[in-house]
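This report describes the fold of one protein chain, from overall figures down to single residues. Please read it alongside the structure shown here.

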Amino acid sequence: MAVIRVIMIGDVVGDPGLEVLEKRLPVLRAEYRPLLVTVNGENAAGGFGLTEESLNRIFAAGADVVTSGNHVWEKREFWPVLESGKAVLRPANYPDRLPGGFSFPANPPESGPAADDSPESGPVSVSGNGPSANSPSEPAALLTVPGRGWLALEKPVSESPAGTIPAGDGSTGKRIPFLVINLQGRKRMTAIDCPFRCFDRILAESAGRDKEAAAENPRVVIVDFHAESTDEKEALGYYLDGRVSVVAGTHTHVQTADERILPGGTAYITDLGMTGAMNGVIGMDAGICINRAKSQIAYRMECARPDSEQDCAVQGVVAEIDGETGRALGIRRINV
Ligand SMILES: [Fe+2]
């Protein structure tokens with residue numbers, strides 16, 4: 001059996017998170033030799049959202065794909081980066097250019113078809129998705145959500161008849177196809193589109209697109225489910241069981257101890273945890289969080305300040321997957 005490994009890392013929070021990721025992810029890569037590493041970066045830029053610089057730091061630390069969540073929209077200047085072709089995802093189930101996608105006018109133009117009139121005509125978007133694209137003051141502007149929620153990629157591997165397959169330089173011609181999907185929950189969060197149905201549409205569309213490759217070498221499907229509710233996360237885990245390799249929750253920043261292989265062969269954990277300063281409240285300054293809780297005033301949060309590197313951690317999971325079937329064989333927590 002050919003076994004591959006995938007590492008998924010929980011939300012990187014601010015500079016403490018970036019710094020500890022830069023130090024410890026290369027060590028984890030050397031130890032586990034994963035074929036794919038995903039990192040949730042939605043809190044990397046000062047605790048809120050991403051910038052191009054923080055994204056590049058996450059890639060340089062060793063991420064292959066950066067996932068995100070509700071905070072990905074915080075920095076407006078980052079929106080074009082979501083459109084730049086880099087391997088960064090926003091949740092797929094925001095209500096616009098979903099698989100088979102469509103856009104709709106924020107304020108329908110005087111003439112011309114409304115999106116509802118021609119749903120089959122494919123994506124209709126304002127080129128560039130710049131900050132002005134959604135402005136209500138521009139009557140013809142189309143409402144679009146930048147970025148993409150899933151991506152397919154292939155990783156070259158070395159020939160290895162048995163045991164763990166290490167990454168290769170491409171010379172063997174053997175490759176493992178991956179599909180990485182980012183979804184967001186709705187319970188106690190923004191009422192966006194249904195993540196369950198969105199997943200079904202993504203799988204149908206991506207399978208149609210790569211039918212031959214999929215038949216030759218089953219795809220390893222990895223899902224980052226950014227959600228608040230533990231029961232919504234477990235429900236999605238069971239909904240996807242047997243159809244994907246790993247479902248990992250993110251968003252709460254508190255690592256759960258429920259990692260397991262579901263009956264159909266999907267590795268599951270409710271939350272990966274976080275990457276950053278552990279001497280605070282979900283990576284943020286404890287004093288500010290106490291003031292917010294006591295006063296019910298939304299003081300601006302700031303990242304917790306670690307006294308030393310020992311106050312910081314990288315949390316996530318490493319999953320072992322049968323590279324031929326996509327079935328998960330094992331999952332264990334990372335907390336270093
Ligand atoms: Fe987060």
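## Burial of glycine 147

Glycine 147 is buried because it has 25 C-beta neighbours inside 10 Å. A residue is called buried if 20 or more other C-beta atoms lie within 10 Å of its own, exposed if 12 or fewer, and partly exposed in between, with C-beta atoms placed from the backbone. The glycine sits in the loop between strand E6 (142-143) and strand E7 (150-156). Helices (H or I, at least four residues) and strands (E, at least two) are DSSP runs, numbered from the N terminus.

Apart from neighbours within four places in sequence, glycine 147 contacts Leu82, Glu83 and Arg90; a contact requires C-beta atoms, placed from the backbone, within 7 Å. Its C-alpha atom is 8.7 Å from that of glycine 85, which is 62 residues away along the chain.

## Model and confidence

The model is predicted; local features need pLDDT of at least 70 and side-chain atom pairs count only at pLDDT 80 or more, while totals for chains, interfaces and linings use all residues. Residues are numbered from 1 along each chain as its sequence is written. The mean pLDDT of the chain is 85, and 80% of its residues reach 70 or more; pLDDT is the predictor's confidence in each residue, from 0 to 100. Over residues 98-141 the pLDDT is below 50, although this stretch has 66 contacts in the model beyond near neighbours in sequence.

## Overall composition

Seven helices and 16 strands are assigned in the chain. Of its 336 residues, 43% are buried. Among contacts between residues at least 6 apart in sequence, 67% join residues at least 24 apart.

The largest nonpolar core has 78 residues, and Val6, Ile181, Val223 and Val246 touch the most other members. Such a core is a set of buried Ala, Val, Leu, Ile, Met, Phe, Trp, Tyr and Cys residues joined through C-beta atoms within 7 Å. Strand E15 (residues 312-322) gives the largest share of this core, seven residues.

Two strands pair if DSSP finds at least two bridges between them. Leucine 179 stands opposite valine 221 in E10.

Isoleucine 222, also in E10, counts as buried because it has 25 C-beta neighbours inside 10 Å. Not counting residues up to four places away in sequence, it touches Val6, Thr38, Phe178, Val180, Ser245 and Val246. Isoleucine 222 and methionine 8 are 214 residues apart in sequence, with 9.1 Å between their C-alpha atoms. Valine 223 is in contact with Ile181, Leu183, Leu240, Val244, Val246 and Val247, again leaving aside neighbours within four places in sequence.

## Helix H6

Helix H6 (residues 230-240) has Glu232, Lys233, Leu236, Gly237 and Leu240 as its buried residues. Seen down the axis of H6, these fall within an arc of 140°, so they line one face of the helix; the arc is that of the directions from the helix axis to the C-beta atoms. After H6 comes glycine 242, with a positive phi near 90°.

All five residues of strand E3 (residues 36-40) are buried. Leu36, Thr38 and Asn40 point one way from E3, and Val37 and Val39 the other way. E3 pairs in the parallel sense with strand E1 (residues 2-9) over four bridges, where valine 6 has leucine 36 as its bridge partner. E3 also pairs in the parallel sense with strand E4 (residues 65-67), over three bridges; there threonine 38 is partnered by valine 65.

## Strand E15 and its partners

E15 is mostly covered, with ten of its eleven residues buried. E15 pairs in the antiparallel sense with E1 over seven bridges, and isoleucine 7 has valine 318 as its bridge partner. Strand E14 (residues 274-277) is also antiparallel to E15, over three bridges, with alanine 277 partnered by cysteine 312.

Seven bridges join E15 to strand E16 (residues 328-335) in the antiparallel sense, and valine 317 stands opposite arginine 333 in E16. The two strands form a hairpin with five residues between them, and glycine 326 in the turn has a positive phi of about 85°.

Definitions and conventions:
Two residues are in contact if their C-beta atoms, placed from the backbone, lie within 7 Å.
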